[in-house]
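Subject: Structure handover

Hi,

Here is the structure we talked about. Please open it and keep it on screen while you read the notes below.

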Amino acid sequence: MIKHLVLLFLCTTIGISINAQELKRKASLGVRLQTMNDSISTVHDMKKGKGIYVLTVFPNTTASKVGMKDGAIISHINDHEINSMNDLFTEIQDVRANDKISITFYQNRKWITKSTKAIGRPIEIFEEADIYYGQVNYTGNQLRSILYTPKGVQNPPVIYFLQGYVCQTVELSTVPDLTITKLIQDWVRAGYAVYRVEKANMGDSKCEKGCMDQNFNEELEGFRQGYLSLQKNSTIDTSNIFLFGHSMGGIIAPLLAQEFSPKGVITYGIIINTWFEYMQEMTRVQGEMFHTPFADIESNVRNAIPFWYEMLMTDKTNSEILKDESIRKMLETDGILEDFKNGYYLNRHYTYWQSLNKISLVDTWLEVNSHVLALYGEFDIEALNANHIRTLAAVVNSKHPGNASYQVIPHTDHGFVYFESMDANIDAHLNGEYRLRLRDSYSDQVAKSTLKWMNALL
């Protein structure tokens, strides 16, 4: 029913963590992986479902240090059997740079076991910026912060980049050609610092509760603490802080702006209605985008509404919701019953969506005193249409006349990718080319529009 919801900016390097007073650098296994399929198992004379296949070994990483090559099959880490991505993440999540790690892998028809000190993840490098790795500390949490400052610029204005809902690192050292990297670099070239904060247990962060187990308010508090930390930074101009909320970050942004009144707030690819409404709208609109038969779209919405209502409009637990046999059957048909039994929906804990749905975005935006620029990419699949930004601007201006404006960014999608048409975007998702477009089809119109707007406010 929600098969078209796209999760952007998947990382290619597996990171690894350990307990420490100081927030140490995570190690990097340094591989791109694929689960074992029947053909790979047959070629390598392996039991089906055993091990995990290495597509790429990146240079100067832990994997390359032990001699691993492309095409190897990892079977054990620290004597624990590895048969899935989850096995791998579970085993390496508590290892940091210089910790001892043992890896057993199959290569050139030989079994090899080697131990070494894990190598830290590479740091981000941009010739035109100084990049500082800091940390945001509050009860039970140490979040990694990353600050780009343009070289030769004293106390620059700063853009606090608020990322979307996906639980993944915001570090870009292994993907320097992504559209989001290029957007940040365009801002830095124009004289702006750019600040980012990791989510719980993402990147180098070390927290009592991980990203996938936090509710929305717990995640919001991490971004709030990041703002408090930024305000204390003497290297930037704290009187000129701009929030850039991308996707779900565009819901975080007005909640922070209510409290802190930054110089300006920019949103990109957002909604202004409830999440309960959005799930219905998204299913219909994306269904049409992907040419799903109208009868199937109608069926999908009607079948899912009871589930969405129980999860989002009540405070029921997942166990209570699953007492409804029709909901159980629907989730089983969609292949997500087991995830929901374990408390997860769309790769977040179900309480994340419950707490998110309680937020009135209209009431929130009414209390934002800052200048606001609402952006929508012309070919944004996730944000669906420009109606949300038009309404957002109208809401802000109804209480603070002239404070808000909106723009539709031509030929641009949710991930800052350039497309000639919406159909070209849809085709890229369907034929597997979208990841390539994230690297080679950057749209610079978001940078141009935001810089023109911010410069006018300075």
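Start with C207. Its relative accessibility is 13%, so C207 counts as buried, since buried means under 20%. Keep in mind that this is a predicted model.

C211 has a partner elsewhere. C167 and C211 form a disulfide, with 2.0 Å between their sulfur atoms. The structure holds one disulfide. The angle about the S-S bond is -80 degrees, and the link of C167 and C211 is left-handed. This pair ties together distant parts of the chain, 44 residues apart. C167 sits in the loop between β11 (158–162) and α4 (179–189). C211 sits in the loop between β13 (206–207) and α5 (216–231). C211 is buried too, with a relative accessible area of 1%.

Now stay in the loop between β11 and α4. E171 is found there. Is E171 buried or exposed? Its relative accessibility is 2%, so E171 counts as buried. The E171 side chain makes polar contacts. One goes to the side chain of R25, at 2.7 Å. Another goes to the side chain of Y133, at 3.2 Å. Leaving aside neighbours within four places in sequence, E171 is in contact with several residues, including R121, E124, R196, E198 and D204.

Next, look at strand β15, residues 264–268. Five of its five residues are buried, and the strand is mostly covered. In a regular strand, side chains alternate between the two faces of the sheet. Here is how that looks in β15. G264, I266 and Y268 point one way. V265 and T267 point the other way.

Which strands pair with β15? One is β14 (residues 241–246), which runs parallel to β15 and is joined to it by five bridges. In that pairing, G245 stands opposite T267. Between these two strands the chain passes through helix α6 (residues 249–260), and this β-α-β crossover is right-handed. The other is β18 (residues 371–377), also parallel to β15 and joined by five bridges. There, I266 has L373 as its bridge partner.

Then find helix α12, residues 350–357. Why is α12 largely enclosed by the rest of the structure? Seven of its eight residues are buried, so the helix is largely enclosed. Among the buried ones are Y350, W353 and L356.

Last, the nonpolar cores. In soluble globular proteins, nonpolar side chains tend to be buried together. The largest core in this model has 73 residues. Y160, F307, W353 and W365 touch the most other members. Helix α6 gives the largest share of this core, seven residues. W353 is also one of the buried residues of α12. As for Y160, leaving aside neighbours within four places in sequence, its contacts include Y195, F223, Y227, F242 and L256. Another core lies apart, with 42 residues. F126, V175, F290 and M422 are among them.

Best wishes

Technical notes: Residues are numbered from 1 along each chain as its sequence is written. This is a predicted model: local features need pLDDT of at least 70, side-chain atom pairs count only at pLDDT 80 or more; totals for chains, interfaces and linings use all residues. Side-chain values use heavy atoms; hydrogens and water are left out. Buried means under 20% relative accessible area, exposed over 50%, partly exposed in between (1.4 Å probe, protein chains only). Helices (H or I, at least four residues) and strands (E, at least two) are DSSP runs, numbered from the N terminus. Two strands pair if DSSP finds at least two bridges between them. A crossover is right-handed if, with the strands pointing away from the viewer, the path from the first strand over the helix to the second runs clockwise. A disulfide is a pair of cysteine sulfur atoms within 2.5 Å. A polar contact is a pair of N or O atoms within 3.5 Å; within protein, one must be able to donate a hydrogen and the other to accept it, and residues adjacent in sequence count only if both atoms are side-chain atoms. Contact means heavy atoms within 4.5 Å. A nonpolar core is a set of buried Ala, Val, Leu, Ile, Met, Phe, Trp, Tyr and Cys residues joined through side-chain atoms within 4.5 Å.
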